[in-house]
Structures are given as C-alpha cells and as structure tokens.
Amino acid sequence: MFRQALLVMREVAPFEWEIEPTPPMRVPGRVFASRRMIESGELDNALQQVRNVATLPGIVGASYAMPDIHWGYGFPIGGVAAFDVDEGIVSPGGVGYDIACGVRLIRSDLSAEESRERLPALLHELSRSVPTGTGRGGGLQPGSKELEQVLRVGARWAVERGFGDESDLERSEDAGALEGAEPGEVSERAYERGRATLGSLGSGNHFLEVQEVAEIVDQDAAAEYGLAEGTLTVMIHSGSRGLGHQVCTDFLREMERAASREHIELPDRQLACASFAGATGRRYYGAMVAASNFARANRQVMTNLVRGSFERIFGPGRDLGLVYDVCHNIAKVERHGGRDVVVHRKGATRSFPGQPVLIPGDMQRASWVLRGLETSLQRSFGSTCHGAGRVLGRGEAKRRIRGEDLKRQLDEAGVLVKAGKVALLVEEAPQAYKDVSEVVDVCEGAGLSAKVARLRPLAVLKG
C-alpha cells in the first residue's frame, strides 16, 4: 500500500492500483501503472484529478487512469469515466479542447530499405501537400451548407468528394462518423474556424510520420491488419482543429452555469458539467459529435494528400490502404454491463475486442499497433492508453532542451524531421515523454490491449 498526499493506493491486480474512495468520492479510482511509475511519483499530480472525477454524479464503476496519465484540463489526460445516461453528467473537461483528436495509420507495399534514398524527397513533398501550423487550412474553404454536411457525415463527406474510397470508411471507428451530430448547436465562430482549417495537420503534438514496421509480435493480427515487417507506414495524428476548440470553449461557459443551476458540486471548476439528460448536456453532446465528425473528415482529406505525395515520389499503383482510424478525445454512448453509459475517453483509446488500436510514441523511439481485448470491456469500459504520456511540460522542455541538440540527437538516430518552428519541435522532444513501450507493456499486462507491431520513425512532419 502507498500513501500519496491525501490518497491511499493499493495494488488490486497486476498493473492495477486502487485509490480508496473517501468522501466526496462516489467510486474508487483505478490506475493502470507499473510499480516503477507509482513509486517514482511521476503520476502524483494527475492522481488528484482521478479522485476529482470520482466525485461527479452518476459515475459508474470507477474513475480510471491509463499508464500514460498526466495533468490535464479537468480530467487527467489518460482518464476514462462512464456516466449513467439518465442520472449522470457529460463534461467538456472529459473530452478536451481538441475534440476527437485521434490517429490513423496507412500501410504500404513499399520496402523501407529500398525507399530510404527517396525519404528526403517524400518528406519534402508531404510538407508541400499537407498544410501544417496554427490557423493554416487545406484550401477547401467549404461554405456553411457544405460544412454542415461535414459535421453530419464526417469522413463520408470526404470520400464522396474523391478524398478516398469506401474501404477507408470500413476501416474507421464508427465508419467515419458518430451518430447524433447537431450542427445547429455549433457556433458561427466555430464554423468560421473550421472553414479555414479543414484538411490540415495543425501544430503542437500533431504530426505526420513515415515509419517502418520494425517488429511483428502477433503475426495473425498483423496479417489481418495488412502489416508486413520492413514496409513503410504513415501515421497521422490530428483532430478537429479550431472548430473543436471553439465548441469546447463555447460550452464550458454554459456548463459552469448549468452545474450551478443543477446543484452539482464541483471539486474543480474545470470539471464544469451538466446532466446528460438535460437540455445543456444534450446540446453539448450534439455539438461535440459534430466536431468529432469534422476531425474524421479532416484526417480523411489528409489521407488523400498523403497518397498523392507517395504517387508523385514513387509512381502510381502503390497499395496505400488504411489500417484504422480511431479517436482518443471523445465521449460516446455505449452499452456496458447491460446499461447505457456515456464513456468519456480523455487521452484514451477505445479498445474493443479485435479492433486495431494505434498508439503513437515520441519521434525517436517507437509507436505501436495493438489489438483490443475482451478483458478491456470488463476492466476499463473497453479503453486503453493513447500514447506515451508527457513527463515534462512544454515550458519545462523548452528550458531544458536546446533545438540544435535535439536536431543532432534525431540526426544520429536516423530520423528526418521537418518542422515549422524549432521551439515547437523542442516541446515535443523524446525526453518530454515516457517510453511508450513501457506504457504499452502495462496495458498488455493489465489486459487492456495486446501488442501487434512496433513501428520505428523514419521521417516526421510537424507544424
């Protein structure tokens, strides 16, 4: 048993720790972590947020934390919580500002070894084709009616306009669009920001990465997903851009008023929420779903831009199929244990049985493809980690790491990098993150997901 400040934790299963439910907690906290992570204290600040979430009305089971947990807005990043649809709440802090930020992976039939000499040209072409940076868009500029369709049907909008094909939708979470979108609940300001940024990567921790399938762990699952050792893949990490950020901003103000009106006691103002069955909660959910569909369309458009770049460098006829697209900042109505619940995954990935799970790491070490497990349904509402998880804040990373040193470090590791600003690159330095392989080991040990393939970074495009 470990005693953190105000918290009592005990190990209840391999890689699973319980925070004792003391008032005003309604349920315990459940933390998936290695003993090293617990003893090192690297989780301490975020554990208080796990406890805070456990106080919210209608929470079911426990307040969960994945091994990549770190401090976030309201909920910890790496936090999962499910709330009863009739008696529970919905909270923007449990989704995040970048609604439906997520990852998609494109496989190829190209050998990494044989393609190595053309990687610099490919990275340059990708940087020309895929817009990056704050405020930059893909040049599509859809009108209001067109953008409303994006918010309703998500990636299907892109496919119907030639940015991919039906097979992409078949290999996407929710077939590329979540039901329940209410575009009318999205503000005009959010529409303006979405119109300007559809089809773009963004900045911060968003990236486009060319990778090599360096190791296959599960041959059968890898074959099913179309992955072969030694081939190139492309991982895209992006979200709903300014549109999603604006939706979150707009509703946080409303949620504060709703929480007061509904007499919801909040241990932290950042947990502003409303009853899911109430008017404000339903309005937020409809707008959040609309923003999530924008994110899916955004990644689908970029997939088409990636395919065009490969064709220009390697010639036509390449096999660039989608492995999967999955979100890791979202709230969804799902049925678990015979009841309907609103599952909030804030920096956590859905991990349903057999489903591909995409876990980006840092730009030097590795990313992973995992497989969802049946046991995750019982242990975490079908959820697992979403990445490596930060150990240094952005400001601390900039104070500790020099841009020229990072560039030399990546050169020595054989990783090509193209970034708009060196300062932003430093914020995302490998030293700022946990080792994703340790995080993945915990998730596998806890029965949340299983390893399929390790991906090694070769070339990285950042805003």
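**Figure 1. Phe 381 in the loop between helix H12 and strand S18 of the predicted model.** Phe 381 is located in the loop that connects helix H12 (374-380) with strand S18 (383-384). Although Phe 381 is not a glycine, its phi is positive, at about 55°. Most residues other than glycine have a negative phi. The relative accessible area of Phe 381 is 9%, under the 20% cut-off, and the residue therefore counts as buried.

**Figure 2. His 263 in the loop between helix H10 and strand S11.** This loop runs between helix H10 (241-261) and strand S11 (274-275), and His 263 is placed within it. His 263, likewise not a glycine, has a positive phi of about 60°, a value adopted just after H10. Because its relative accessibility is 72%, over the 50% cut-off, His 263 counts as exposed.

**Figure 3. Helix H10 and its bend at Leu 252.** Helix H10 comprises 21 residues, which at 1.5 Å a residue should span 30 Å. The end C-alpha atoms of H10 are 31 Å apart, in agreement with that expectation. At Leu 252 the helix bends by about 25°.

**Figure 4. The cis peptide bond between Pro 23 and Pro 24.** Pro 23 and Pro 24 are joined by a peptide bond in the cis form, with omega of about 10°. Most peptide bonds, by contrast, are trans. Pro 24 belongs to the loop between strand S3 (16-19) and strand S4 (29-32).

Notes
Residues numbered from 1 in each chain as written. Predicted model: local features only at pLDDT ≥ 70, side-chain atom pairs only at ≥ 80, totals over all residues. Heavy atoms only, no water. Helix = DSSP H or I, 4+ residues; strand = E, 2+ residues; numbered from the N terminus. Buried < 20%, exposed > 50% of the residue type's maximum accessible area, 1.4 Å probe, protein only. Expected span 1.5 Å × (residues − 1). Bend = angle between axes of the 7 residues up to and from the residue.
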